[in-house]
Amino acid sequence: MIAWTIYITFAGALGLLFMPRLLARWIALATALAGFATSLVAFFTAHDVGTFATIVRIPWVPTLGMEYHLAADGISLTLALVTGLTAVSAVLFSWDVEHRPNEFFFWLLLVIGGSYGVFLSADLFLLFVFYELVIVPKYFLIAIWGSTNKEYGAMKLTLYSFAGGALVFLAIVAAYVTAGSLDLHQLSRYKFSPEFQSWVFPVMFLGFAVLAGIWPLHTWAPTGHVAAPTAGSMLLAGIVMKLGAYAALRVAMNLFPDGFQMWSKWIAVLGVIGIVYAAAVALRQRDLKFVIGYSSVSHMGFVLLGLATANVLGVGGAVLQMFSHGVIAALLFAVAGRMIYRRTHTRDLDALSEMGLGRALPFAAFSFVIASAASMGIPGFSGFAAEITILLGAWKAYPVAVLITGVGMVLVAVFTLRALKKTFFSEAYRGIYMQQGRVPVDPDWNEERDIASPITAAEKMGACLLMFATLAVGLYPKLLLDRILPAVETMRWLKQ
């Protein structure tokens, strides 16, 4: 059943090319809801979540051993669920797109469909096809509908993605020539020589980790987030960055366990550097979207640290963090890009501090408070459940890394509170600020009209969906962990 998330999404994308523009948003919403409902049903009805069980298996290119092979376990189902959740919210936050809406939602759905495909692929080449398929739609979403150096941001993201993809393709070819198979089940049982794994693992892992925002190859992420339209930022942080982390776990670590053991300490080091460095850089940013963009890099560092632990708690926490960060980052970008920027036409924190947005946009302020609390890891939210699980696992493997990570967690709290205070709770409100010449605005912008425009029903529904998800998982993480941990326990590289 979960395979229908792919078919429904691609069918909706193709249908948009032939439908009137007035129906575009409704078709996109119906498609996203259908995909989300399918992932939700599959998540709650799955039984053997510990096994990467085959769903569909059809010969594709028999002469090369390529198959259309889909499979799922608790990890795949969890990430398919956050994909559907973020997709629905992204469509709702794009409800008033008027510039070429059919094309906008077409590219949006291609990103979503390709992401479903990555999470469900059990053939190495098929996974690579879906992985690369996501890159082109990302470029057009940013280059056409983005802002703030959108051409530069789109091209930088694309070049980094293709460079990482080239490394992955090299590793795939090497694995295929050596093992004679592209089937992930067969490859996971094949014993590659330690010498082979010592070089092919870092090549493949690094290729995937580029998309996960690994330091120092992370600079595409903040730039891409800032340049992207709101829905693009939500998908980029909420789903696309998880593709790299998931593929690194499912493919690189599971196929080359000896190589992973050789390089795991370096993965932990880069993860910790990413946590602390990105948090420190976020503290210096004046653009609200840049703050959130570097925050995403910092939080993805927790995922890498969790993967490096090679124990059940650490890796399970890393998958939980993929879900949690997907929801939280999507909510943060939705508030910053849609609720705030659409009404103020600026993201400068000093300028926002003079607008009194806490009074003018109370629902936006409430949503940002919830997202900020979850991002800081306050108990009761998914961020806390994920990070504490990772840190417990990391303490067993790298106790020093946990101590250093504590510095990053303090910095996360500092820059988050700084952004929250300046944006919504500053005491510097001066009423009509447009005359001060501090804020670049569009010629047709009107302060009284735009800031006073109420938060729409679509925006409220999208925000409530994401807030409910982070609260539900934070209060009852067992809901996800009961499906994630059995799948983690079957990984061949796991330290018992």
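Student: Which charged end sits over the ring of Tyr 341?
Tutor: In this predicted model, the charged end of Arg 347 is placed over that ring, 4.9 Å from its centre.

Student: And what lies over the face of Phe 43?
Tutor: Arg 483 does, at 4.6 Å from the ring centre.

Student: Now to rings with rings. How many aromatic pairs does a search of the whole structure find?
Tutor: The search gives 24 aromatic pairs. One of them joins Phe 106 and Trp 107, with ring centres 5.0 Å apart and planes at 65°.

Student: Why is the pair of Phe 106 and Trp 107 edge-to-face?
Tutor: Their planes stand at 65°, and planes over 60 degrees apart count as edge-to-face, so the pair is given that name.

Student: Is Phe 106 buried or exposed?
Tutor: Phe 106 is buried, with a relative accessible area of 13%. Trp 107 is buried as well, at 16%. Both values count as buried because the cut-off is under 20%.

Student: What about the rings of Phe 201 and Phe 260?
Tutor: Their centres lie 6.0 Å apart and their planes are at 70°, so this pair is also edge-to-face.

Student: Where in the chain are these two?
Tutor: Phe 201 belongs to helix H9 (residues 194–211) and Phe 260 to helix H12 (residues 257–282). The two residues are 59 residues apart, and their pair links distant parts of the chain.

Student: Phe 260: buried or exposed?
Tutor: Phe 260 is buried, with a relative accessible area of 0%, and Phe 201 is buried with 1%.

Student: One last topic: which residues do ring pairs link into a cluster?
Tutor: The cluster consists of Tyr 190, Phe 192, Phe 196, Trp 199 and Phe 256.

Definitions and conventions:
Residues numbered from 1 in each chain as written. Predicted model: local features only at pLDDT ≥ 70, side-chain atom pairs only at ≥ 80, totals over all residues. Heavy atoms only, no water. Phe/Tyr/Trp six-rings, centres within 6.5 Å; stacked < 30°, edge-to-face > 60°. Buried < 20%, exposed > 50% of the residue type's maximum accessible area, 1.4 Å probe, protein only. Helix = DSSP H or I, 4+ residues; strand = E, 2+ residues; numbered from the N terminus. Lys NZ or Arg CZ within 6 Å of the ring centre and 35° of its normal.
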